[in-house]
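Keep the viewer open as you read.

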Amino acid sequence: MYQRKLDLHVHTDNSPDGNHSPMFICERAEFDGMRAIALTDHCEVDVYKAERYDKRVQQAYFEASKAQSAFRGKVLVLRGIELGQPHYDSKTAEAVLSARSYDMVIGSVHNLRGREDFYFMEHFQAEQVHALLTEYFQEILNLLEWGNFDVLAHLTYPLRYFYAKSGISVDLDEYKTQVDEILKRTAETGKALEINTAGLRQPIGKLSPELATVKRFRELGGEYITYGSDAHYAEDVGKGMQEAYDAMLAAGFTELTMFQQRTPLKLKIE
């Protein structure tokens, strides 16, 4: 069992799909022996005003700051944010980041332009999956081109829903050129690749990304690797940590990375 217990992707009830308050989550984290957690509530930039993320982001930061103070010396609480599709509206994304002092910024793509989150899509046809995934990986490249974030989240996000909703499995080897370019740019720009464990709690039952992709990231010069449960319930904080750390070591990493004031700090994987 690993002793350096941290979780760098946690959602509170300041996210639309979150379920517990920051204080309750931190209490649970302390009880479970977590040393650090990052509260990284959602900010879906392309619907920032329409879905009231302007209010949510303000409240999330305020409550994370309170938790950081209340749990000082018990659990290191990092003030983070998950920016969804920030490159779709870079002006708004930059305004969000310039207004507050975050410890870490997660970059992610949950939906393609003008379409709903993969999570909300009801069904997928096998013949449309290739086009969707090709477009998705291009948007990840566009996200990296924008670049004002620290951690690339759940690289294989759509695969969860292809499988859960339509039983469709994807062979990433078919997308090797795109995926290699993503991993290479992530490495070259000094971003951290996240091993996201939410899939272990879902029908797909896999890490995102899986070990082979994490290994490839290392081969292409990747330096920074993080772990996040993507918890939306307090009881899921820290879930899948063992599997994520095992994957890091198997891929050749000896250190994981956390962020404070958007500065990467390497920690030995114990």
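## The sheet

Two strands pair if DSSP finds at least two bridges between them. Helices (H or I, at least four residues) and strands (E, at least two) are DSSP runs, numbered from the N terminus. This is a predicted model, where local features need pLDDT of at least 70 and side-chain atom pairs count only at pLDDT 80 or more, while totals for chains, interfaces and linings use all residues. Residues are numbered from 1 along each chain as its sequence is written, and side-chain values use heavy atoms, with hydrogens and water left out.

Seven strands form an open sheet with parallel pairing, in the order β1-β2-β3-β4-β5-β6-β7. β1 (6–10) and β7 (224–228) stand at the edges with a single partner strand each, so one side of each has no neighbour in the sheet. Helix α8 (residues 241–250) packs on the sheet and touches β1, β6 (192–196) and β7; contact means heavy atoms within 4.5 Å. Further in, β2 and β3 pair in the parallel sense over nine bridges, and Ala38 has Leu78 of β3 as its bridge partner.

## Helix α2

Helix α2 covers residues 53–70, which is 18 residues. From first C-alpha to last it reaches 25 Å, close to the 26 Å expected at 1.5 Å a residue, where the expected span is 1.5 Å times one less than the number of residues.

Which residues of α2 are buried? Among them are Tyr53, Val57, Ala60, Tyr61 and Ala64. Buried means under 20% relative accessible area (1.4 Å probe, protein chains only). The cover over the buried residues of α2 includes α1 (22–31), β2 (36–44), β3 (76–84) and α3 (90–98).

## The largest pocket

On a 1 Å grid over the protein atoms alone, a pocket is an open set of points where a 1.4 Å probe fits, with protein on both sides within 12 Å along at least five of seven lines; lining residues have an atom within 4 Å of a point. The largest pocket holds about 740 Å³ of space. It is lined by 30 residues, and Asp17, His42, Asp117, Tyr119 and Phe120 are the closest to its centre. β2, α2 and α5 (157–166) each give two or more residues to the lining, and α5 gives the most, with three.

## Backbone spots to check

Most residues other than glycine have a negative phi, and most peptide bonds are trans. Gln85 has a positive phi of about 55°, sits in the loop between β3 and α3 and is buried, with a relative accessible area of 0%.

A cis peptide bond joins Ser208 and Pro209, with omega about -5°. Pro209 lies in the loop between β6 and α7 (211–219).

Key. Buried < 20%, exposed > 50% of the residue type's maximum accessible area, 1.4 Å probe, protein only. Axes fitted to C-alpha atoms, helices over the stretch in contact; angles between N-to-C directions. Points joined across faces, edges and corners; volume = space filled by probe spheres on them.
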